[in-house]
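My notes follow in the order I took them.

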Amino acid sequence: MQLTDRSLTAPPQIKTVRGALKLLLDVINGPAHERSLYVYMAIVLFHWVEHLVQAYQIFVLGWPRPESGGFLGLWLPWLVQTELLHWGYAVAMLIGLIVLRPGFAGLSRKFWTVSLIIQAWHLVEHSLLQGQAITGQNLFGAQVPTSVAQLWIPRPELHLIYNAIVFIPMVIAMYYHMYPPQSEAPVACTCSRRPSLLSQQG
Ligand SMILES: [Zn+2]
C-alpha cells in the first residue's frame, strides 16, 4: 500500500522505464547538452589519439603493421587485436550520435545527421569484422577478418578515413550549434556562443 502511495507522489514522467529514459534524454539534450558533448568529445578525441599514434608507428617509425597498435597496443596488444573492442567503440560512438542529436537544430542537425549516417555504415563494417572473428570464417577468402571497403583500402588507412569523415561533419555541426547562422532562430542551449541572441530571446 505504501509503495503505491509513494508511486502516486512520484513525478509522472518517471513512473515507467520509458518515462525515465525520456526524462534522461530531455536532460541530455537540454540543461546537460553542453556537458554531455564535452564528455562525448573527450571519448572521440581519445580514440583519435589512438589512431594517430598508430599512423605515426606505421608511417613515421616504420614499424610492422601487426605491431602498430597505438598506445593501448604497447601495453595490451591482445586487447587492440580483439574485434570486440573496435565494435564496442563503434556502437558507443553511434549511440552518442543518436542520443545527442535532438539537442541540435537547423543546419547543425543536418551535419550531425551526416556524421550519424556515416558512423552507422562504419558500424556495419565493424559488425562484419566482429562476425568473422566469431565464426572464424573470413570474407573474400582473406587471411584475417576483412570489411567491404578494405577490398580497396588497407585497414589502418581505411579507419583513419572513416574516423575523419565521421569527425568532420560532427565538428561542423558543433560549430553551427555554437554559432547558428543569422537566418536561424536563436538556440536556447548553453552551448550557444551567441549570448546576444540568447538575451534577446529572454
Ligand atoms: Zn547544446
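This is a predicted model: local features need pLDDT of at least 70, side-chain atom pairs count only at pLDDT 80 or more; totals for chains, interfaces and linings use all residues.

I then took the axes. Helix α3 (residues 33-60) and helix α6 (residues 83-100) have axes that come within 11 Å and cross at roughly 155 degrees. Angles over 145 degrees count as roughly antiparallel, so α3 is roughly antiparallel to α6.

I listed the residues in this contact. From α3 they are S36, L37, Y40 and H47, and from α6 they are Y89, G96 and L100. Sorted by class, the contact of α3 with α6 holds four nonpolar and three polar residues, with no charged ones.

Next I went to helix α7 (residues 106-135). I noted its 30 residues and a reach of 43 Å from first C-alpha to last, close to the 44 Å expected at 1.5 Å a residue. Which residues of α7 are buried? I found S108, F111, W112, S115, L116, I118, Q119, H122, E125, H126, L129 and Q130. I checked what covers these buried residues, and the cover includes α6 and α8 (155-178). Just after α7, I noted that G136 takes a positive phi of about 75 degrees.

Last, I looked at the whole protein. I counted nine helices and zero strands. Of the 202 residues, 21% count as buried. Among contacts between residues at least 6 apart in sequence, 52% join residues at least 24 apart.

Note on methods:
Residues are numbered from 1 along each chain as its sequence is written. Axes are lines fitted to C-alpha atoms, for helices over the stretch in contact, and angles run from 0 to 180 degrees between N-to-C directions. Helices (H or I, at least four residues) and strands (E, at least two) are DSSP runs, numbered from the N terminus. Angles under 35 degrees count as roughly parallel, over 145 as roughly antiparallel, 65 to 115 as roughly perpendicular and the rest as oblique. Two residues are in contact if their C-beta atoms, placed from the backbone, lie within 7 Å. Ala, Val, Leu, Ile, Met, Phe, Trp, Tyr, Cys and Pro count as nonpolar, Asp, Glu, Lys and Arg as charged, and the others, Gly among them, as polar. A residue is buried if 20 or more other C-beta atoms lie within 10 Å of its own, exposed if 12 or fewer, and partly exposed in between; C-beta atoms are placed from the backbone. The expected span of a helix is 1.5 Å times one less than its number of residues.
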